[in-house]
Protein chains: 2
Amino acid sequence: MRTVFEKTDAIALVAEVFRECGYEGASMSTITTRTRLSKGSLYHFFPGGKEQMAAEVLAHVDAWFAREIFEPLETAEPRAAIAQMWTAVDEYFRSGKRICLIGAFALDETRDRFAKPIRSYFERWTNALEAALTRNGTPAGDARQLAEDAIASIQGALVLARAMADETIFERSLGRMRLRLASHTT
Amino acid sequence: MRTVFEKTDAIALVAEVFRECGYEGASMSTITTRTRLSKGSLYHFFPGGKEQMAAEVLAHVDAWFAREIFEPLETAEPRAAIAQMWTAVDEYFRSGKRICLIGAFALDETRDRFAKPIRSYFERWTNALEAALTRNGTPAGDARQLAEDAIASIQGALVLARAMADETIFERSLGRMRLRLASHTT
DNA sequence: TATCGTGTAGACCGATCGGTTTAGTAGCGC
DNA sequence: GCGCTACTAAACCGATCGGTCTACACGATA
């Protein structure tokens with residue numbers, strides 16, 4: 001039996017395993033069984049092994065957010081960009097059933113391994129959201145606070161939703177944050 | 001050379017290793033080297049191995065929160081209890097330099113192993129905070145939302161603070177949440 | 001048909017994993 | 001002193017770890 005994959009498929013499959021198990025929890029054998037990719041295939045695509053897999057997965061996630069969220073916030077009309085952000089976030093995290101890989105990596109010592117991509121993901125997101133709010137008329141001081149608050153709320157809602165095994169928490173939290181951003185706006 | 005520990009010391013030491021490495025990331029050998037407890041000692045205190053260690057650590061954390069935060073919220077004068085909560089939270093997480101072990105366990109498949117303690121920790125916290133807010137005059141609908149929001153914000157702020165390696169984020173976030181709770185109150 | 005490049009399968013490697021066992025050492029009651 | 005319990009140290013175990021390697025299945029090209 002033989003199934004042929006492309007590297008892009010491999011990245012998406014591996015990403016899901018890291019999301020479910022964390023970096024340390026995802027052993028090569030869990031990765032092979034869950035992705036149905038043999039070790040041969042995996043080391044063909046990622047000669048650097050597990051660390052390279054994680055690095056490419058982080059880059060892949062970052063690219064998705066850059067395209068769907070950061071760039072609109074940075075350049076598009078702010079109200080539309082913020083609306084698009086909430087839609088994209090809800091879709092991406094599937095109402096809290098999926099977690100944020102980058103946030104999860106930040107919590108333990110895996111952070112030290114991937115410090116730069118983790119940091120720049122969150123920095124770009126907060127900066128982009130702050131900029132969009134400012135362009136939309138939010139006072140400069142408030143904009144920074146609101147942006148940090150929104151992103152922290154998203155991360156926290158993911159933790160809570162999983163901890164309590166209650167999908168509604170994520171959507172409720174998103175709804176509150178959406179209103180809060182809107183209410184500080186012209 | 002021989003150093004003698006008590007089980008309580010062992011739990012606190014092991015807790016710190018789990019906090020730093022996560023459940024899967026904390027191997028028996030990292031645990032022995034970081035705690036300076038030999039395998040003999042660890043298996044003497046925790047015959048059930050790693051899983052028992054984690055279970056007792058979770059119970060230990062839960063007991064601390066129950067004593068310092070949940071019980072005051074449930075029974076004491078609400079304004080004082082909420083003030084005490086913010087103090088205790090800031091002290092416990094050391095301005096974001098320490099993470100929430102229970103929140104971290106919730107993110108990957110470790111959650112399934114310890115589903116009950118994880119869930120009840122967050123449920124008791126939100127229920128207790130909601131009750132305190134209600135006793136203090138917050139409208140019933142708002143109280144639930146505010147409580148969920150506050151606890152999600154704390155968890156999210158821990159993620160963000162670590163991701164950006166910026167301690168000030170946690171304190172700023174705590175300050176905002178403190179104000180938000182206060183402003184929805186008589 | 002021969003060949004070449006891409007990708008797959010899985011046996012195999014030394015190191016490390018979680019866990020057990022054996023052989024103690026220290027402190028306390030008697 | 002003696003024995004007992006509480007605790008510690010480290011050698012040791014099979015299983016699993018991350019990673020390497022060989023063999024080969026294909027489609028494309030010619």
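My notes on the overall build and the symmetry follow.

I'm working with a predicted model, where local features need pLDDT of at least 70, side-chain atom pairs count only at pLDDT 80 or more, and totals for chains, interfaces and linings use all residues. Residues are numbered from 1 along each chain as written, chains are lettered from A and ligands numbered from 1 in written order, and side-chain values use heavy atoms, with hydrogens and water left out.

I looked up secondary structure: chain A has 10 helices and 0 strands (DSSP runs, H or I of at least four residues for helices, E of at least two for strands).

Next, size. I noted a C-alpha box of roughly 60 × 35 × 30 Å along the principal axes.

I checked burial: 53% of the 186 residues in chain A are buried (under 20% relative accessible area, 1.4 Å probe, protein chains only).

For contacts (heavy atoms within 4.5 Å), I took pairs in chain A at least 6 apart in sequence, and 66% of them join residues at least 24 apart.

Then I laid chain B on chain A: RMSD 0.0 Å, a turn of 180° and a shift of 0.0 Å along the axis (least squares on C-alpha atoms with pLDDT of at least 70 in both). That is the relation of a two-fold axis. In chain B, the C-alpha nearest the axis belongs to Gly156(B), at 1.9 Å.

Last, 100% of the interface residues of chain B are also interface residues in chain A, so the copies meet through the same surface.

Notes. Buried means under 20% relative accessible area, exposed over 50%, partly exposed in between (1.4 Å probe, protein chains only).
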